[in-house]
Amino acid sequence: MGKFLAAKIARFTDLLMDAVCMVDAEGRFVFVSAACERIFGYAAREMIGMQMIDLVAPADRERTLSAARAIMDGQPTAHFENRYVRKDGKIVHIMWSARWSESDQLRVAVARDITAAKQAETMQSALYAISEAAHASDDLPALFEHIHQIIGAMLPAPGFSVALRSDKGGCVEFSYHVNAHGRTEPHPLACWLGEEVLRSGQAVLLTPATAAALPPALQAAAVLPDCWLGVPLTTGQGHIGVLMLQSGDQPDHARYTDQDRELLMFVSHQVATAIQRKQLHSRLRFMAQHDELTQLPNRRLFLDRLQMAVARAQRHQCRLALLFIDLNKFKQINDEHGHACGDLLLREVAHRLKHCVRESDTVARLGGDEFVVIVEEVLVADDALQIVDKIHQVLAAPMLLATGLGLAITASVGVAHYPEHGADIEQLMRYADQAMYAAKQMEEHTG
């Protein structure tokens, strides 16, 4: 294209906010308007002669070349969207329209920067997705996985961590942590970053170039070509934790930018709110299913677990044992030492009972001084009898309560076996209850 014609075109196109460019059959820029420098960061003289495709984000190059071929085949394109990499490394979203000039052998395109609109759309979608995840997730681990997926669609996040403020001492504890290679122990830099963000309440962008700001012991760990971004999780009650991203330890992984930090800060408020709501929901559900005094499962949760245990035993054709436990002369302890002392005793009994069985078994409090134990996968009847002997032993040991009083207590225990003593939970509970009262009568008779 002649210099006179280019100058004449530039007088008009330089007035436009949208960029006008012309690309030859080999894909090189031969003309760009003044708006190109604002959008792409390159001066006009730098862009002339550059391959257009070299500016396109790698993930969008194939479909961009396909669109270019269609244009050159005589199919004008309108409102085509793709991403370009600016001179400063930032990503810009472009919507352009183009047609092929056969006489000039040029593709003529008008491009509009829609980055701001795309970011607003992305943030709005992310906020909606996080809100939906908070309702759809059964617990905090599931919520963290959903949030990882949502943020990973916005920013590179092969490494992703959620560290929440501990109830003890205020330090951070990693509730969710994944790096580019899977779940591992948090990197020392992640631990430092979490504490630093929680301490300052400010977002921290950490790159190898800023390693000098790190404590000397961590500087060596920061020479890897990865990048870290941490932002506080803040609610009306203050900072509840930290959200952290790690770009990855490969040289070709993208580095985080100030723009990414602003984006993550924006969504972090919604993430914090979702976490707080899920924590509140978990606490309320725990309170509804557990005894307030001993923190053991209550009658409702016990019945659910017994129903599931019986179903599993039926399915796998195995045995289980149900133990009913009633403390002896507990009313006498309440009358002589007061209900506060009785409550402390019940807590200690609950603690000791839990140590008599496996983690997979269930110890619950039905109410008053009545406890139950579900022992699954019992091989022979003697297995349950050994647990009964252990219960008698641990309860016989004196209990030093917080009041300074030392007490010992005994218990009557009744045992029911599935399937010998019942095919459903009602039959099992009735048999165990009767066996417990028989043991109590014997205790009273011998005592």
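# Pockets and cavities in a predicted model

The lining of the second largest pocket divides into 4 nonpolar, 5 polar and 4 charged residues, where Ala, Val, Leu, Ile, Met, Phe, Trp, Tyr, Cys and Pro count as nonpolar, Asp, Glu, Lys and Arg as charged, and the others, Gly among them, as polar. The model is predicted, so local features need a pLDDT of at least 70 and side-chain atom pairs a pLDDT of 80 or more, while totals for chains, interfaces and linings use all residues. Residues are numbered from 1 along each chain as its sequence is written, and side-chain values use heavy atoms, with hydrogens and water left out.

On a 1 Å grid over the protein atoms alone, a cavity is a set of points where a 1.4 Å probe fits but cannot get out, a pocket is an open set with protein on both sides within 12 Å along at least five of seven lines, and lining residues have an atom within 4 Å of a point. Volumes are the space filled by probe spheres set on the points, which are joined across faces, edges and corners.

## The two pockets

The domain assignment divides the protein into domain 1 (12–113), domain 2 (118–288) and domain 3 (299–446), with bounds taken from an automatic or database assignment. Because domain 1 and domain 2 both give residues to the lining of the largest pocket, this pocket lies between them. The C-alpha centres of domain 2 and domain 3, for their part, lie 44 Å apart.

The largest pocket holds about 830 Å³ of space, and of the 28 residues that line this pocket, Ile91, His93, Met154, Leu155 and Asp260 lie nearest its centre. Strand S4, together with helices H6, H7 and H10, supplies the lining of the largest pocket with at least two residues from each of these elements; helices (H or I, at least four residues) and strands (E, at least two) are DSSP runs numbered from the N terminus. The largest share, 6 residues, comes from H6.

The second largest pocket has a volume of about 390 Å³, and 13 residues line this pocket, with Leu164, Arg165, Ser166, Asp167 and Gln279 nearest its centre. Two or more residues of this lining come from each of H7, strand S6 (159–165), strand S7 (172–178) and H10, and H10 gives the most, with 3 residues.

## The cavities

The largest cavity, of about 150 Å³, is lined by Cys21, Val23, Phe29, Phe40, Met52, Ile71, Tyr84, Trp96, Ala98, Arg107, Ala109 and Ala111. Strand S1 (19–24), strand S4 (91–101) and strand S5 (106–113) each give at least two residues to the lining of the largest cavity, and S5 contributes the most, with 3 residues.

Arg107, one of the lining residues of the largest cavity, is found in strand S5. With a relative accessibility of 9%, Arg107 counts as buried, since buried means under 20% relative accessible area, exposed over 50% and partly exposed in between (1.4 Å probe, protein chains only). Although Arg107 and Cys21 are 86 residues apart along the chain, their C-alpha atoms are separated by 8.2 Å.

The second largest cavity has a volume of about 40 Å³, and its lining is made up of Ser131, Ala134, His135, Gln270, Thr273, Ala274 and Arg277. Helix H6 (115–136) and helix H10 (258–289) are the elements that give two or more residues to this lining, with the largest share, 4 residues, coming from H10.

The table sets the volumes beside the classes of lining residues.

| Space | Volume | Lining by class |
|---|---|---|
| Largest pocket | about 830 Å³ | 14 nonpolar, 8 polar and 6 charged residues |
| Second largest pocket | about 390 Å³ | 4 nonpolar, 5 polar and 4 charged residues |
| Largest cavity | about 150 Å³ | 11 nonpolar, no polar and 1 charged residues |
| Second largest cavity | about 40 Å³ | 2 nonpolar, 4 polar and 1 charged residues |

In H7, Leu140, Leu143, Phe144, Ile147, His148, Ile150 and Ile151 are buried. Seen down the axis of H7, these buried residues fall within an arc of 165°, so they line one face of the helix; the arc is that of the directions from the helix axis to the C-beta atoms.

Cys191, by contrast, lies in helix H8 (residues 188–200) and is partly exposed, with a relative accessible area of 34%. Between Cys191 and Arg28, which are 163 residues apart in sequence, the distance in space is 48 Å, C-alpha to C-alpha.
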